[in-house]
Amino acid sequence: MGCVHNIRVPAETSTWSIAELAAEYDVTLRTIRFYEDRGLLTPERRGTVRIYHPRDRVRLALILRGKRLGFTLDEIATIVDMYDREPGEEGQLVYLLNQITTRRAELEQRRRDIDETLAELAEVEARCQADLKTLRAE
């Protein structure tokens, strides 16, 4: 999620429907409503119609990016809320850097675990192939 202000908003469209955002980001309407219920998105309401503005679109992009990176919704909420604040506040940047450090360490551990598992699978596979070759030779 790095720099939270580098998500582009198309100039030709200033509002979107829930269906348009769902299609653009390949998520369900239920997903978008869930983020609304959690207070992460706050579209304008015109009767029963939700109107999403550029702020909502950017926040949805940040939420989805955070999910892809493995952040919890509470962590995402803290980071996404930074979008609405003045950029560069020291506390915000320190928080985000700490989250990045934590997430990086977790991902590096997962990579080590995957590498170990792949090595173990290769070893088992080699033994199975050798045993099969022996059985076929008999």
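What covers the buried residues of helix 2? In this predicted model, the cover includes helix 1 (18–25), strand 1 (44–46), strand 2 (49–51), helix 3 (54–68) and helix 4 (73–81). The residues of helix 2 (residues 29–37) that lie buried are Ile 32, Tyr 35 and Glu 36. These residues sit on the same side of helix 2, because the arc they cover around the axis is only 105°. On the face turned away from this buried side, helix 2 carries Arg 30 and Asp 37, both of which are exposed. Just beyond the end of helix 2 comes Gly 39, with a positive phi of about 80°.

The largest nonpolar core comprises 23 residues, and Ile 32, Tyr 35, Leu 60 and Ile 63 are the members with the most contacts inside it. Two or more residues are given to this core by each of helix 1, helix 2, helix 3 and helix 4.

Ile 114, Leu 118 and Leu 121 together make a nonpolar surface patch of about 310 Å². Of these, Leu 118 belongs to helix 5, which spans residues 90–137.

Key. Residues are numbered from 1 along each chain as its sequence is written. This is a predicted model: local features need pLDDT of at least 70, side-chain atom pairs count only at pLDDT 80 or more; totals for chains, interfaces and linings use all residues. Side-chain values use heavy atoms; hydrogens and water are left out. Patches are made of residues with over 30% relative accessible area and no salt bridge: like charges are joined within 9 Å, nonpolar side chains (Val, Leu, Ile, Met, Phe, Trp, Tyr) within 5 Å. Accessible areas come from the Shrake-Rupley method with a 1.4 Å probe; for residues, only the protein chains shown count as cover. A salt bridge is a side-chain nitrogen of Lys or Arg within 4 Å of a carboxyl oxygen of Asp or Glu. Helices (H or I, at least four residues) and strands (E, at least two) are DSSP runs, numbered from the N terminus. Buried means under 20% relative accessible area, exposed over 50%, partly exposed in between (1.4 Å probe, protein chains only). The arc is that of the directions from the helix axis to the C-beta atoms. Contact means heavy atoms within 4.5 Å. A nonpolar core is a set of buried Ala, Val, Leu, Ile, Met, Phe, Trp, Tyr and Cys residues joined through side-chain atoms within 4.5 Å.
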